Amino acid sequence: MNPPSSMPESTSPSSRHTLVWAIPLSVVSVLLIAIISGLAFAHERRSRFEGRIYPGVSINRVDVSGLRTDEAEARLQDALQTATRHGLTFQLGTTTRILPQAHMLELMRYDYTSSVAHAYDLGRAGTTLQSLVRVLGLSLRSKDLDLPVTLEEDGMRTWLREATTPLLPEAKNARLVIDLPSATSSLVRIEAEQLGQTVQLGPALQEAKRQAETQQFYPIQLTIETLEPAIRSRDLEPLQT
């Protein structure tokens, strides 16, 4: 006589129903624990960094985490002093002209105050819940802010002209020259014009502004354009006779 075959016990409807509810409840529980832990962490950060910039904040790649606003401004100024210690270099062919650091910083005006204020406000604006969420976000992903800079273009143009004009030929107009070899005769001749050169200021200023924004300075190659004289020899030929 064959022994009775063993049959798997079927799961009762009530057991399946309990399992279906147990999985979502477990997920929800984990999520709630994560949210509560995260908010508790953010709240602790808010308390610990009262009056200071929250961790995870930098300005133009300079870390200002945990600093008071005055300390952050001082650190930014120190970083700028280091970045500009060699001045701003312009290259014209094989000739180099350097804008000294002191004059350079007069022509490049950085807005430390607004950048530091923005850094301090990160995680403090909005409702309490929004603030906590932003503080938590900064701990997970850092934030780098821009440091606005204004280039005094008129001053930069003036300095560039003064630094490069002596290195380049100036444009000269053609002119009539009257030679008086004797009291009874004279010779009228034309002295030919001369082409001049000047630096293209637009591209130089654009590159200077870009380097000022990144605070990464290296020699700026200057480009030359030709200056045409206003009066040419052919304009004077009718007057020569």
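1. Let's start with a helix pair: helix 2 (residues 69-83) and helix 4 (residues 112-121) pack with their axes 10 Å apart, at an angle of about 130 degrees. Axes here are lines fitted to C-alpha atoms, for helices over the stretch in contact, and angles run from 0 to 180 degrees between N-to-C directions. A quick word on the source: this is a predicted model, where local features need pLDDT of at least 70 and side-chain atom pairs count only at pLDDT 80 or more, while totals for chains, interfaces and linings use all residues. Residues are numbered from 1 along each chain as its sequence is written, and side-chain values use heavy atoms, with hydrogens and water left out.

2. How do helix 2 and helix 4 lie to each other? They are oblique; under 35 degrees would count as roughly parallel, over 145 as roughly antiparallel, 65 to 115 as roughly perpendicular, and the rest is oblique. Their crossing is right-handed, meaning that the near helix is turned clockwise from the far one by less than a right angle.

3. Now for who touches whom. On the helix 2 side you'll find T69, A72, E73, L76, Q77 and L80, and they meet Y112, T113, V116 and Y120 of helix 4; contact means heavy atoms within 4.5 Å. The residues of this contact split into 6 nonpolar, 3 polar and 1 charged.

4. Stepping back, the chain has 8 helices and 12 strands. Both are DSSP runs numbered from the N terminus: helices are H or I with at least four residues, strands E with at least two. Of the 241 residues, 29% are buried, where buried means under 20% relative accessible area, exposed over 50% and partly exposed in between (1.4 Å probe, protein chains only). Among contacts with a separation of 6 or more, 69% come from residues 24 or more positions apart.

5. Have a look at Q215, in the loop between helix 7 and strand 11 (220-221). Is Q215 buried or exposed? Q215 is buried, at a relative accessible area of 12%. Leaving aside residues up to four places away in sequence, Q215 touches N60, A79, L80, A83, Y110 and L147. L80 also turns up in the contact of helix 2 with helix 4.

6. On to charges. Side chains of opposite charge can pair when their charged atoms come close. The count of salt bridges is 11, each being a side-chain nitrogen of Lys or Arg within 4 Å of a carboxyl oxygen of Asp or Glu.

7. One of them pairs R52 with E71, at 3.3 Å from N to O. This one links distant parts of the chain: R52 sits in the loop between helix 1 (13-48) and strand 1 (57-59), while E71 is in helix 2, 19 residues apart. Both ends are partly exposed, R52 at 27% and E71 at 26%.

8. Two others stay within a helix. R157 and D154 meet at 3.4 Å, N to O; they are 3 residues apart in helix 6 (residues 153-164), so about one helical turn separates them. R157 is partly exposed at 26%, whereas D154 is exposed at 59%. In helix 7 (residues 201-214), E213 and K209 are 4 residues apart, about one turn, and their closest N and O atoms are 3.6 Å apart. E213 is partly exposed at 38%, and K209 is partly exposed at 29%. Elsewhere, salt bridges with shared partners join R52, R68, D70 and E71 into one network.

Methods: Ala, Val, Leu, Ile, Met, Phe, Trp, Tyr, Cys and Pro count as nonpolar, Asp, Glu, Lys and Arg as charged, and the others, Gly among them, as polar.
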